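Visitor: I would like to learn how to read a model of a complex. Please take me through the features in turn.

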Amino acid sequence: MGGRFGRFAAVRFGRFAADTFARFVAIGFGRFAADRLGRFVAERFGRFVADRFGRFVADHWVLAVAALVLGYLLLPVAVVAGLSFNQPSSRLSYDFAEFTLDNWRDPCAGPGMCAAVLRSVQVGFVATAVSTVLGTLMAFALVRHRFRGRAAVNVLVLAPVATPEVVLGTSLLALLVAAGIPQGFWTVVIAHVMFCVSFVVVTVRARLSGMDGRLEEAAMDLYASEWQAFRRVTLPLVLPGIAAAALLAFSLSFDDFVVTNFNSGTTVTFPMYVWGASQRGIPPQVNVVGTAMFAVALLMLAASRLGRRSTRSSRSTRSRRSTRGRR
Amino acid sequence: MVVEEPSGALRLVGLSKRFGAVTVVDRLDLTVPAGSFFALLGPSGCGKTTTLRMVAGLTEPTGGRILLGDEDITRLRPYRRPVNTVFQSYALFPHLDVFENVAFGLRRRGVPEVAGQVRRMLSLVQLDGYERHRPEQLSGGQQQRVALARALVNRPRVLLLDEPLGALDLALRRRMQGELRRLRTEVGGTFVHVTHDQEEAMTLADTVAVMNAGRVEQLGTPAELYEFPATAFVATFLGRSNLLAGTVNGRSGDDLLVEAYGRRFSVPSARSRVDSGAVLLGVRPEKVRLVGTAEQVPAGHQWLDGTVTDVGYFGVSTEYSVRTGAGVELSVFAAADGESARIPAGSPVLAHWHPRHAFLLHHDPHHCLHHCLHHDLHDDAAAAAAAAAAAVRAGRE
Amino acid sequence: MSRSGRGRVVPYLLLLPGLLWLVLFFLAPAVQLAATSLYDPAGSLTSGYAMTWSFGNYPDAVAAYGAQLGRSFGYAGLATLLALLLGYPLAYVIALRAGRWQYLLLVCVVAPMFTSFLVRTLAWKTVLSDGGAVVGLLRDLHLLAPDGRLLATPAAVVTSLTYCYLPFMVLPLYASLQRLDPRLLEAAGDLFARPAQVFRRVTLPLSMPGVVAGTLLTFIPATGDYVNAELLGTPNEYMVGNVIDAAFLVRLDYPQGAALSVLLMVAILALVIGWLRRAGPAEAG
């Protein structure tokens, strides 16, 4: 304990010292630069350097701010990755103690965690498959057809996105209880499909409405029947959108806690497991799962980037020209 | 007009298209002879693109019929028509390479031996070696050739070209015009070309139909249209015209006598579309000459006096704006033949022309020329109107 | 003829399954929630609830949990404002200044969302822990009393709440800024606008759709969130979500939980509509 404290104190003092020194230097140097050096430089090099320095600051401060914000976004992920190599000093401790590879060697050591991950994957696959199909069909109807009640359908599709999860979860719970339906695996799937559908519709619709409608006309003009035009032109062009929607749906389902919490009965998904464990003490293997998910996401995003590079893209010549003009 | 139909001609009979309350194409009757290069010329929104889309089967007519030879194709789905289209800005399939774009139609019809035909076509449009390129890797001119090849490889009985050169810059457009003429002689078939560019229509087509507000105003060879326009719209849309408002008040032999701005003019009755009432007397700017004094006006010419208000130098010619005493503004093109000196602005002049260069048109005082030119529905607006109309229809159901 | 007939049925066939799902599992539950909020509060899950149109459930719920309700909107509003202030520079840089790093930066924004939301929230427990570097630094800078802490304070809850929904702010902002034609900015500069004026007169107004969408996508879920308050706060930081969760899952007082849920939804709707009116007609999403 004493050693740890000593280390922390040293680290903290080091930080303090560094920070104070940096401030001192910054303020001191700033003043000096402004007063003496600035005048000296101005006299020697005219306004050239000073102007360039001012412009440099004006042009780059926003980059510095953005970098800080990015750091804020990535900090917890870095901490999760770090903690996945941590041997906590006690069950309820969230501090770094000792480096270990044990958590990665045996991620299933924590009781019930791997079963929960598996359950989440099962729910995720079913919910993704169903919501992707339903959402894609709806997106096609909304983009490609004008029909009565279209505005109402649009509202209904967007409504779950604009509803807090607590409300979604409690509503469904109220209905299930009133209807006497027991909660479990399938009610979780039902709930997940419900909120994933909206995101699928929005994603696929964006891709579909960005597609040049004349491409299908061109296909039909070139002897493709409606089905062939869909199969040979529309589908290949919309597929990346559908894939993105499926990926989104899976990540939403896999990560959902609030809605699941109200409708899971005794089914334990990974977030449910983490929630329960957070009261008793988190097994460090949880961070392994979090880190692995992050890594898988990175791989998939990289793969989609490479994929897009080879088969880019459905954008019409018009939009391409405008992006080219931008550079 | 009643003409003997050549076999295989494309005939539009009373063809109409309405989007809700907006009539875009209004009972159009048109015969495109087989094997001709036919241009539909008109301002944006005059209905020419809608007409083309109805022929292609992409827009369903509200009324009328489309005949190809003896066959009524009005209700045929687009993929059942022996008609192919070169779309405005091409609509090339971005996920397919050049070869597969061109092969698309052949494959859909299950034609055997696709590769040879595609390669022949690509070499015809001078794109050998580009088979595996994607459309986005090509320049505008190359994309245009792919679009042409993709349509022509199917040997359509009618090739529809929707503003095919609109997206290209001037030099490239000139080159592609030559290319189109060459392809036309090599491939044959009927070409129907939609454009708002009068120069393009005149250089490419053997027959031009000038469309305005959903109707054909005049049909003929480019020279016929230019030399003797049928309406004020044609006279101002195809090239430029000086139009003097007047009234017919007599006849002298083969000439009609017209009074305009307090002066008397004559026009050969063979060059008159009307023989009484309110008329417009038209003269092309290049048929008008400027002189300094009345003695210099050649015998038999008629003239108006005025002052030069503006001089525009175009190299090949000089354009003078002349404000006449009567308050009407005339345009005069003087060829840069090196014979005559430039006339400075402010000079008093006489603008004269020979009566055989004038033409006489019906004058509808309610019909505003500028309205037709500038106030017409845009193609985009037509699409919006279509959407609105569909919404209205959906709401009514 | 058959064509237009078929064309009329097709969209409904395409919509049918998805629509059915939404009606059965979103709309019907919403109605049931409203009904539940009017049930007799004297009932229980085991004895059953009677529909007594007990509108009194609403004032009762507000009297009991008004503080949590107010806190929800306060924290969510603050988090939304912070997310806007932090997210805008980042979105701006990604959209207009990143060049070929654009995709990588976007990945940096999106990828953390794939690490479980709960796990990331727990990571803040480590970051903000009493022995951690952040607390230490703040104490050394005398921004925090020597025995001051961050965990179990509103600051911790708002920090994490902002963090959780920051990507939902950045992405729509990025989308609207990315659509911006840089030539407009150059034109503004050409017309004597200083950089600050270019931003205020051109960039900001043109990115308003992104601002509206981003604030909605941040504010709405943040208001209903209770994970952050639970994990990083104490009952003093509890938001309305904590109370609803307890009402449904611990105290089993369904009418009260439902009344609070409905109140939350109605309040959010009112605020969202008000905001959309003020911020002008812009499509959200």
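Guide: Begin with the elements: helices (H or I, at least four residues) and strands (E, at least two) are DSSP runs, numbered from the N terminus. Keep in mind that this is a predicted model.

Visitor: How many helices and strands are there in chain C?

Guide: Chain C has twelve helices and zero strands. Along the sequence its pattern reads α-α-α-α-α-α-α-α-α-α-α-α. Taken along the principal axes, the C-alpha atoms of chain C fill a box of roughly 80 × 75 × 35 Å.

Visitor: What is the mean pLDDT of chain C, and what ipTM does the predictor give the complex?

Guide: The mean pLDDT of chain C is 88, and 95% of its residues reach 70 or more. For the complex, the predictor reports an ipTM of 0.90 along with a pTM of 0.77.

Visitor: At what angle do helices H11 and H12 of chain C pack?

Guide: Helix H11 (residues 240-249) of chain C packs on helix H12 (residues 254-279) of chain C at about 150°, and their axes are 8 Å apart. Angles over 145 degrees count as roughly antiparallel, and H11(C) and H12(C) are therefore roughly antiparallel to each other. Their crossing is left-handed.

Visitor: Which residues make that contact?

Guide: H11(C) contributes Val240(C), Val243(C), Ile244(C), Ala247(C) and Phe248(C). From H12(C) come Tyr254(C), Gln256(C), Gly257(C), Leu260(C), Ser261(C) and Leu264(C). By class, the contact of H11(C) with H12(C) holds eight nonpolar, three polar and no charged residues.

Visitor: How do H4 and H9 of chain A pack?

Guide: Helix H4 (residues 113-144) of chain A and helix H9 (residues 226-255) of chain A have axes 8 Å apart and an angle of about 140° between them. That angle makes H4(A) oblique to H9(A). H4(A) passes H9(A) in a right-handed crossing. On the H4(A) side the contact residues include Gly124(A), Ala127(A), Ser131(A) and Gly135(A), while those of H9(A) include Ala245(A), Ala249(A) and Phe250(A). The residues of the contact of H4(A) with H9(A) divide into eight nonpolar, eight polar and no charged.

Visitor: Where does UniProt place the transmembrane regions of chain A?

Guide: A record gives positions, and the model can then be read over each span. The unreviewed UniProt entry places "transmembrane region" features of chain A at several spans, among them residues 61-85 and 288-306. Residues 61-85 of chain A are 92% helix and 0% strand, with end C-alpha atoms 36 Å apart. Residues 288-306 of chain A are 100% helix and 0% strand, and their end C-alpha atoms lie 27 Å apart. UniProt also lists "domain: ABC transmembrane type-1" (unreviewed entry) at residues 117-307 of chain A. That span of chain A is 81% helix and 0% strand.

Visitor: Which residues of chain B does UniProt give for the feature "domain: ABC transporter"?

Guide: The unreviewed entry gives residues 10-238 of chain B. In the model, this span of chain B is 35% helix and 27% strand, and its end C-alpha atoms are 25 Å apart.

Visitor: How many residues of chain A are in contact with chain C?

Guide: The size of an interface is often given as the accessible area lost when the parts come together. Here the contact is given by residue counts: 76 residues of chain A are in contact with 75 residues of chain C. Helix H2 (residues 48-83) of chain A supplies the largest share of the chain A side, 16 residues. By class, the side of chain A that touches chain C has 60 nonpolar, nine polar and seven charged residues.

Conventions. Residues are numbered from 1 along each chain as its sequence is written. Chains are lettered from A and ligands numbered from 1 in the order in which they are written. This is a predicted model: local features need pLDDT of at least 70, side-chain atom pairs count only at pLDDT 80 or more; totals for chains, interfaces and linings use all residues. pLDDT is the predictor's confidence in each residue, from 0 to 100. UniProt positions are given in the numbering used here, feature names are shortened, and annotations may be inferred rather than shown by experiment. Axes are lines fitted to C-alpha atoms, for helices over the stretch in contact, and angles run from 0 to 180 degrees between N-to-C directions. Angles under 35 degrees count as roughly parallel, over 145 as roughly antiparallel, 65 to 115 as roughly perpendicular and the rest as oblique. A crossing is left-handed if the near helix is turned anticlockwise from the far one by less than a right angle, and right-handed if clockwise. Two residues are in contact if their C-beta atoms, placed from the backbone, lie within 7 Å. Ala, Val, Leu, Ile, Met, Phe, Trp, Tyr, Cys and Pro count as nonpolar, Asp, Glu, Lys and Arg as charged, and the others, Gly among them, as polar.
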